[in-house]
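Open the model in your viewer and keep the selection tool ready.

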Amino acid sequence: MYVTVLGSAAGGGFPQWNCTCRNCSHLRSVRTGEGARSQAQLVISCDGLQWLCLNASPDLRSQIISAPFLAPTRGTRATPITGVLLTSADVDSVMGLLHLREFQPLRVYATPSVRRILQEENRIFRVLERANPPVIWQDIFLDQWFVSSSSLSNGKAPLRFHTVALGGEYPDYVSEPLRRLLPPEEAVIGVVLAQANKQVFYAPSLSGRSAHWKDWARSSDVCLLDGTFWTDNELISLGVASKTAREIGHIPLSGSDGLLEQFGPVARGSGRRVLIHINNTNPILDEESPENREVRHAGWEIAYDGMEFEL
Ligand SMILES: [Zn+2]
């Protein structure tokens, strides 16, 4: 199983175009741009030939172009990307679907509620229907295993995935009448990806309102978890928002009941723990910071664009 991090930042990327926080200002002053991050995007494959996108980031077009293994290989319209698995209807998770509108048949996996939001409330996503054959929307249900259709004919063990409800909320743009109809548990999911006896867990948005993710994360060879904010009041203290990290669906890394404490110490020989979806305000992005040191001392890795895993 191959996993590549095409983007590791939260919404806005790093640096964010309109942000003057300490991290963004510093990165703009560094001429090499080293440490820049695009918005969170993973791709996964069981053979290195056919790839499944985990979410579709607003940066997806440039992320695909910068990854040679995702270049088209044959014919006039071709791509090694066979599908997209959505973990929420957040703008950061779905905007990149519009980059995939170039008459390309694909399969989009989403919970029935996320599919309804995109299909019924947002006419713009109908551009995906003009492909021939059109994009196939496949419902995925909670706490079930699915087999990725792209992995069935290549002779390798199939890529399977399992959905885990994470207790998040639907995005603000969803209308009230539709929101009332949708089961809250389908709003934000984590996904377990498995091939043979190897397992990866991906949860870029952990609300902390559900604890189901912990066993999946701890039992995986690699888990990539929500590293959005260091403190609960990170955006409030910068004066850019009025809501806490928890109120917008992300448990902070630090503090009592933060992600680091909730995950707890890990035995030697356990899987790799990686923080992803890192907001540009998060002090862990500064490699000289005490917060960065604390995270690494606790055994966590910090995702970067281009990070690869082979299992
Ligand atoms: Zn910033």
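**Stop 1: the metal site.** Select the zinc ion: Cys-19 (SG), Cys-21 (SG), Cys-24 (SG) and Asn-280 (OD1) coordinate it at 2.2 to 2.3 Å. Donors here are N, O and S atoms within 2.8 Å of the metal (3.2 Å for Na, K and Ca); water is not among the atoms, so sites may look incomplete. This is a predicted model, in which local features need pLDDT of at least 70 and side-chain atom pairs count only at pLDDT 80 or more, while totals for chains, interfaces and linings use all residues. Residues are numbered from 1 along each chain as its sequence is written, and side-chain values use heavy atoms, with hydrogens and water left out.

Now display the angles at the zinc ion. The four donor atoms subtend 102 to 119 degrees, which makes the arrangement tetrahedral (for four donors, all angles between 85 and 135 degrees). Along the chain, the donors are spaced C-x1-C-x2-C-x255-N.

Are Cys-19 and Cys-24 buried or exposed? Cys-19 counts as buried because its relative accessibility is 13%, and Cys-24 is buried with a relative accessible area of 0%. Buried means under 20% relative accessible area, exposed over 50%, and partly exposed in between (1.4 Å probe, protein chains only).

**Stop 2: the whole chain.** Switch to a cartoon view. The protein has nine helices and 14 strands; helices (H or I, at least four residues) and strands (E, at least two) are DSSP runs, numbered from the N terminus. The C-alpha trace spans about 50 × 45 × 40 Å along its principal axes. Of the 311 residues, 52% are buried.

**Stop 3: Thr-163.** Select strand β8 (residues 160–165), where Thr-163 is placed. Thr-163 is buried because its relative accessibility is 0%. Show residues in contact with it (heavy atoms within 4.5 Å): leaving out those up to four places away in sequence, Thr-163 touches Ile-140, Phe-141, Leu-142, Asp-143, Gln-144, Ile-189 and Gly-190. Next, pick the backbone oxygen of Phe-141, which lies 2.6 Å from a polar atom of the Thr-163 side chain.

**Stop 4: Ala-203.** Move to strand β10 (residues 198–203), which contains Ala-203. Ala-203 also counts as buried, at 0% relative accessibility. Apart from neighbours within four places in sequence, Ala-203 is in contact with Leu-166, Gly-190, Leu-224, Leu-225 and Asp-226.

Key: Tetrahedral: all angles 85-135°; square planar, octahedral: opposite > 155°, others 65-115°. Polar contact = N/O pair within 3.5 Å; in protein donor to acceptor, adjacent residues only side chain to side chain.
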